[in-house]
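Okay, thanks for having me, everyone. Let me put the structure up and then talk through some side-chain contacts.

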Amino acid sequence: MKLIRLVLISLVFLFVLATLLGALLPSMVLVSRAVNINSTRDSVMPYLKDIRQWRLWIEGMQDTAVAIYSSSHAKLGGTNVVITDLSDSAVLSAWTARNGDLQTASINLIGGPLKKITIVQWQFEQKLPWYPWARLGSIMNDKILGTLMEKNLNNLKQRVEKK
């Protein structure tokens, strides 16, 4: 009986400790990467504004688990992706996971339409719930998502500069 009580008290203590540590972490995670592309903004934008063109530079978009419904809607495995807003220098999208978690993504093009170098800045933003496992798990977001973003942006750079 003493052992069961010790285990229960320890579990409650660890949960409270994890919750307090999680409260110290931000409630919003922002992962951002950028690349310089030696080309004009107008030659980069076609690859960004149409989800069908994402297959050319985002790794994994060629998988059979990817279903592209239109130029602004796709399903990547269990994640629904919808382009929510377009301008001549930005593409905004909403990424909704199977469990309902929402991430917003923005791809911004920095540089004038006639400049020969365009900075492509891609960022994901996610609001986290108070749960300690969500907050503590978000520590790895930058390492995992950031690495993929860098690789995909470099794929985009190679594709655009090849033309």
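I'll go through the salt bridges and then the aromatic pairs.

Quick housekeeping: this is a predicted model, where local features need pLDDT of at least 70, side-chain atom pairs count only at pLDDT 80 or more, and totals for chains, interfaces and linings use all residues. Residues are numbered from 1 along each chain as its sequence is written, and side-chain values use heavy atoms, with hydrogens and water left out.

Salt bridges, then. The rule is a side-chain nitrogen of Lys or Arg within 4 Å of a carboxyl oxygen of Asp or Glu, and by that rule we get six. One of them joins arginine 33 to aspartate 142, at 3.3 Å from N to O. That one links distant parts of the chain: arginine 33 is in strand S1 (residues 28-37) and aspartate 142 is in helix H5 (residues 141-162), 109 residues apart. Helices and strands here are DSSP runs, numbered from the N terminus: H or I with at least four residues for helices, E with at least two for strands.

How exposed are the partners? I call a residue buried under 20% relative accessible area, exposed over 50%, and partly exposed in between, using a 1.4 Å probe and protein chains only. Arginine 33 is buried at 18%, while aspartate 142 is partly exposed at 34%. There's also a network here, with salt bridges linking Arg33, Asp142 and Glu150.

Glutamate 59 sits in the loop between helix H3 (51-54) and strand S2 (66-70), 92 residues away from lysine 151. Both ends are partly exposed: lysine 151 at 43% and glutamate 59 at 46%.

Now the aromatics. Rings of Phe, Tyr and Trp (its six-membered ring) pair if their centres lie within 6.5 Å; planes under 30 degrees apart are stacked, over 60 edge-to-face, and the rest tilted. The whole structure has four such pairs. Tryptophan 54 and tryptophan 95 have centres 6.2 Å apart and planes at 10 degrees, so they're stacked. Tryptophan 54 is in H3 and tryptophan 95 in strand S5 (residues 90-96), so this pair ties together parts 41 residues apart in sequence. Both are buried.

Then there's tryptophan 57 with tryptophan 122, edge-to-face, at 5.5 Å between centres and 65 degrees between planes. Tryptophan 57 is buried at 2%, and tryptophan 122 is buried at 4%.

So which residues make up the aromatic cluster? Trp54, Trp57, Trp95, Trp122 and Phe124 form one together.
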